[in-house]
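The sequence and model are shown first.

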Amino acid sequence: MSEQKLLGKRAIVTGGATGIGFGIAERFIAEGARVIITDIDAAGGVSAAAKLGANCQFMHHDVSLAEEWQPVFALAEEAFSGLDILVNVAGVTHMGTIEEMSVETWDKTMAINLRSCFLGCQGAIKLMKNRGGGAIINMASVSAFRPQAELVAYNASKAGVDMMTKSVALHCARSGYDIRVNSINPGVIQTDMLKKVISQVEDGEALMDSYKAMHPIGRIGEPKDIAAMALYLVGEEASFITGASFTVDGALMNN
Ligand SMILES: NC(=O)c1ccc[n+]([C@@H]2O[C@H](COP(=O)([O-])OP(=O)(O)OC[C@H]3O[C@@H](n4cnc5c(N)ncnc54)[C@H](O)[C@@H]3O)[C@@H](O)[C@H]2O)c1
């Protein structure tokens, strides 16, 4: 077996019950890390942790609520005596144009997709700043760059994640903290979120075909494609990389 890249590292991955979060947790554990996955889906989280084995723990967690972050960081202190990596993955897509969307749906999307990253970064920096060697990844999307009329809140939340990431990275760098903060912007990835989007439209098959056609590389992505980028970004070889956003999209943005 080749050398494990994250041996001894301690990570929190939100939204780890399924999809991209699960894929990242799985890869990190395969590379020697101990991982706390959190999710609002308790049954999914418990079953994911069972699949991921002894180096994984699950904690029920609503990422949009400030008071629910404290127990997650307390578990990291208790179980791991600290934290090296936070990956903010949990997110939702609510469809709707500016004319259709309710203010409640707008606020909910912002709270789950954007406020969560603010809360996670704030708490993680407190844990990491005196120890150094920290890495944070926030999951954005190509939707941060490419508007879709029916994704008004999602577009805005993901653009917010990217810019907030840069601001936090700048603060950490200028403060002399050894904490790098980056975002990943996936193209369309085969997950439950995608299934939900497909199920919300009349002709799901046609939408799926159009998603495939959007990616010049000839396929949509898989969680492992995003996990590979996450592994690179939290590792030693990325030590000069902070405040950047990484598009992983089979050339969708060039199409
Ligand atoms: N799938 C894609 O095509 C795609 C593309 C670009 C970006 N993304 C982003 O990647 C991230 C993961 O997406 P995915 O496709 O794996 O989604 P998914 O729906 O498969 O998984 C998301 C997970 O987040 C959890 N979650 C939702 N609300 C939560 C909350 N309030 N607190 C805690 N957990 C919560 C869900 O229970 C679920 O387990 C999201 O931020 C998404 O916006 C996905």
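## Contacts with the ligand

Which backbone N or O atom lies 2.8 Å from an oxygen atom of the ligand? One such atom belongs to valine 89. Isoleucine 189 likewise places a backbone N or O atom 2.8 Å from a ligand oxygen. A ligand nitrogen is 3.3 Å from a polar backbone atom of isoleucine 40. Polar contacts here are pairs of N or O atoms within 3.5 Å. Of the 830 Å² of accessible area that the ligand has on its own, the protein covers 91% (Shrake-Rupley method, 1.4 Å probe).

This is a predicted model, in which local features need pLDDT of at least 70, side-chain atom pairs count only at pLDDT 80 or more, and totals for chains, interfaces and linings use all residues. Residues are numbered from 1 along each chain as its sequence is written, and side-chain values use heavy atoms, without hydrogens and water.

## The surrounding shell

The ligand is surrounded by 28 residues, with Asp39, Val89, Tyr154, Ile189 and Thr191 the closest (a heavy atom within 4 Å). The shell holds 15 nonpolar, eight polar and five charged residues; Gly counts as polar, and Tyr and Cys as nonpolar.

## The pocket

The ligand takes up the space of the largest pocket. That pocket has about 1100 Å³ of space. Its lining has 48 residues, and Gly91, Val92, Thr93, Thr191 and Met193 lie nearest the centre. The lining divides into 25 nonpolar, 14 polar and nine charged residues.

Methods:
A polar contact is a pair of N or O atoms within 3.5 Å; within protein, one must be able to donate a hydrogen and the other to accept it, and residues adjacent in sequence count only if both atoms are side-chain atoms. On a 1 Å grid over the protein atoms alone, a cavity is a set of points where a 1.4 Å probe fits but cannot get out, and a pocket is an open set with protein on both sides within 12 Å along at least five of seven lines; lining residues have an atom within 4 Å of a point. A molecule sits in a cavity or pocket if more than half of its atoms lie within 2 Å of its grid points. Grid points are joined across faces, edges and corners, and a volume is the space filled by probe spheres set on the points.
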